Amino acid sequence: MKKQFPIWLGFALALILLPQIFDTVLGISILNQMTIWIIFALSYNMLLGQGGMLSFGHAVYFGLGGFMSVHALNLIADEIIVFSITLIPLVGGAVGLLAAVFIGSFSTRKSGTVFAMISLGIGELIVASSLIFADFFGGEAGVTGDRTYGPPFFGIEFLQDAEVYYLGAFWLFVATLFMYLFTQTPAGRMANAVRDNPERAEFIGYSTRRVRFISFCAAGLFAGVAGGLFAINYEFITEENLNALTSGRVLLMAYIGGLGFFIGPIVGAVILTLMNSLLSNYSEMWMLYLGIMFLLTVLFLPRGFAGFIMMHQTAWQNRRLGTLILPYLITAIPASLFLAGFVGLVELSHKGDDTLSFFGLILGTESMLSWGILLTLTGIGALGVKLSGPRLDAAWVLANTVRSDNGGDAQ
Amino acid sequence: MSLLTLDAVCKSFGSTRIINDVSLDIEAGEKHAIIGPNGAGKSTLFHLISGRYNVSSGAIGFQGKSIHNLPPYEIARRGIARSFQVTNIFPRMSVFENIRCALLWSEGYRYSFWQLVGRQKKLNEKSFGILEQIGLSDKAQLPSGELAYAQQRALELGVAIASGAELIMLDEPVAGMSNSEAENAVALIRRITEGKTLIMVEHDMNIVFDIADRISVLVYGEIIATDTPENIRGNKRVQEAYLGEVPCDA
């Protein structure tokens, strides 16, 4: 913990400074989304990455926490209860925890397919009941609230997004710290052991079911905290926030970021939030790109983006990381050409009668020349990647070979 | 009183009877070997004692209390530790973490989520002590899945003995090792089971006759003899059933 103090300090500083750097309305809005999704993705990784439980219904705890939080906001607004909205994430967390205690009591009996199927079933069950219990879930319209009532927090009334950001950042820091600390407790270590080898865990004295149950409850708690933040930020919530789409999205975040690393889901949440908020402005096809990215991650980066970064540890220890820069750049140029060509083809293919503005060129679906340019670009890019690939491979091998002059002290 | 008592234990899978009316008493401090041809039911017997399988009939007692049909973690908590024929460790965790996890329950941490393992001085010192005993101190931070085979077997033993269990059960601890590796492993087994009770399944007769105080011979799910190594060597039935078939390699 002492060794990691600088990392936590840096994390806190980054959280404080980020809204100063990205101070536009859009920037703050994206940062607000990130605080929510990072907590949610980290909580998901307590199940999948740390505990080996593949859940298709984690949005249930996020959503239930969120719904209860919006109701809490309304109770505060109606002056039925007096409660600071800064503590709303605790309401979400408590609801997430309660739901997880109840559902986990039977779903954590087995891991693997059984667990995955139960999580899927519970998810569908809750979505179905959200349309039946319209008083609580608000039917298809959802429920709305207002965060500006209740006692002000040192004069702050959370009228502005920036104020909400700092509230979110505070909870993000606290939640991340506690989720990290959990991994370092006996229950957290045994979650890893049960993930690796449930059979052996039983023979060293641990009930795998109880170990999973504890992780499951903790994951539900933090998903609920994220749901509470969602309620404060958006001031409304619908059935969409607890359905399979949201569950799938958090799975993608954790997976693309990297399940094996604590920071993996943070990376994944940042990437997906950016894609969701920025890319969607430029292209209707952004979901396709997301899908392709997920596919490529599964195929070529099974340890996610965090794993890709960590792959360079050996080269770093060998003090040869620098030798990789040039080969990376040489491959990156044709790779960008390929990417540009490919994206151009995808975009042009659904333009119909419209035209596509492509790096100053106006391309039309009717023009053979347009298709020709894009196909050539894609082809040249692909060829370039293929030609420069072996050079990158060779540089990679060299960078990961221990230098003879500093022998075995690579560790 | 015997430490472990098996009383008329039977185990069937469907209509196939794998273990038939096995009764056995293991004294505290004894080094007991179970031998027998392939498919005799030696591993099944281990699984019955350690709780992986439930018995079909009969009773198993440990320290005077009945333990059959308890879940494995209950049996482990009472002081029976075991290793596996196929290496069975936590491959993605470090060597040190493997040992530390194996210590958690016996050190009283249970399912604690309010203590940090890194801060538990005694726990960490004890883990390093066991690593030293099994000769893996210099590999402490390596993911255990990356260890060489013989080292993984040593870690397997370490995970089994870490809890300080009274009864240690080893299922073919030196299978698949070279001669020199097996020699080291035998020395290690002697060292770590000193003052403990040991039940061992092993095919290598030299090792069996070397380590064991008493030997039980299991053939087709039945114990046909339990005796000292000398008497087992001279036993006609054993020679017919077992030693005659598999020549004792020098």
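In which strand of chain B is Ala8(B) found? Ala8(B) belongs to strand 1 (residues 4-13) of chain B, where helices (H or I, at least four residues) and strands (E, at least two) are DSSP runs numbered from the N terminus. The structure is a predicted model, in which local features need pLDDT of at least 70 and side-chain atom pairs count only at pLDDT 80 or more, while totals for chains, interfaces and linings use all residues. Residues are numbered from 1 along each chain as its sequence is written, and chains are lettered from A and ligands numbered from 1 in the order in which they are written.

The phi angle of Ala8(B) is near 50°, a positive value in a residue other than glycine. Most residues other than glycine have a negative phi. Ala8(B) counts as exposed, with 12 C-beta neighbours inside 10 Å; a residue is buried if 20 or more other C-beta atoms lie within 10 Å of its own, exposed if 12 or fewer, and partly exposed in between, with C-beta atoms placed from the backbone. Gln63(B), which is not a glycine, also has a positive phi, of about 50°. Gln63(B) sits in the loop between strand 4 (57-62) and strand 5 (65-66) of chain B. With 16 other C-beta atoms within 10 Å, Gln63(B) is partly exposed.

Chain B as a whole contains nine helices and 10 strands. Its radius of gyration is 18 Å, close to the 18 Å that the globule rule gives for 250 residues, so chain B is as compact as a globular protein of that length. This radius is taken over C-alpha atoms, and the globule rule is 2.2 Å times the number of residues to the power 0.38. The C-alpha trace of chain B spans about 60 × 40 × 35 Å along its principal axes. Buried residues make up 42% of the 250 residues of chain B. Among the contacts in chain B with a separation of 6 or more, 66% are between residues 24 or more positions apart; two residues are in contact if their C-beta atoms, placed from the backbone, lie within 7 Å.

Within chain B, helix 3 (residues 95-104) and helix 4 (residues 121-133) cross at roughly 115°, and their axes come within 9 Å. Axes are lines fitted to C-alpha atoms, for helices over the stretch in contact, and angles run from 0 to 180 degrees between N-to-C directions. The crossing of helix 3 of chain B and helix 4 of chain B is right-handed; a crossing is left-handed if the near helix is turned anticlockwise from the far one by less than a right angle, and right-handed if clockwise. Helix 3 of chain B contributes Val95(B), Phe96(B), Ile99(B), Arg100(B) and Leu103(B) to the contact, and helix 4 of chain B contributes Leu123(B), Lys126(B), Ser127(B), Ile130(B) and Leu131(B). Seven of the residues in this contact are nonpolar, one is polar and two are charged. Ala, Val, Leu, Ile, Met, Phe, Trp, Tyr, Cys and Pro count as nonpolar, Asp, Glu, Lys and Arg as charged, and the others, Gly among them, as polar.

In chain A, helix 2 (residues 25-47) and helix 12 (residues 264-282) pack at an angle of about 140°, with their axes 8 Å apart. Helix 2 of chain A and helix 12 of chain A are therefore oblique to each other; angles under 35 degrees count as roughly parallel, over 145 as roughly antiparallel, 65 to 115 as roughly perpendicular and the rest as oblique. Their crossing is right-handed. The residues of the contact comprise 12 nonpolar, six polar and no charged.

Between the chains, 25 residues of chain A are in contact with 30 residues of chain B. On the side of chain A that touches chain B, helix 7 (161-183), helix 8 (186-196), helix 9 (198-203) and helix 10 (208-234) each supply at least two residues. Helix 8 of chain A gives the most, with eight residues. This side of chain A divides into 12 nonpolar, seven polar and six charged residues.

Thr208(A), in helix 10 of chain A, is buried, with 26 other C-beta atoms within 10 Å. Not counting residues up to four places away in sequence, Thr208(A) touches Val194(A), Pro198(A), Ala201(A) and Glu202(A). Phe173(A), in helix 7 of chain A, is partly exposed, with 16 C-beta neighbours inside 10 Å.
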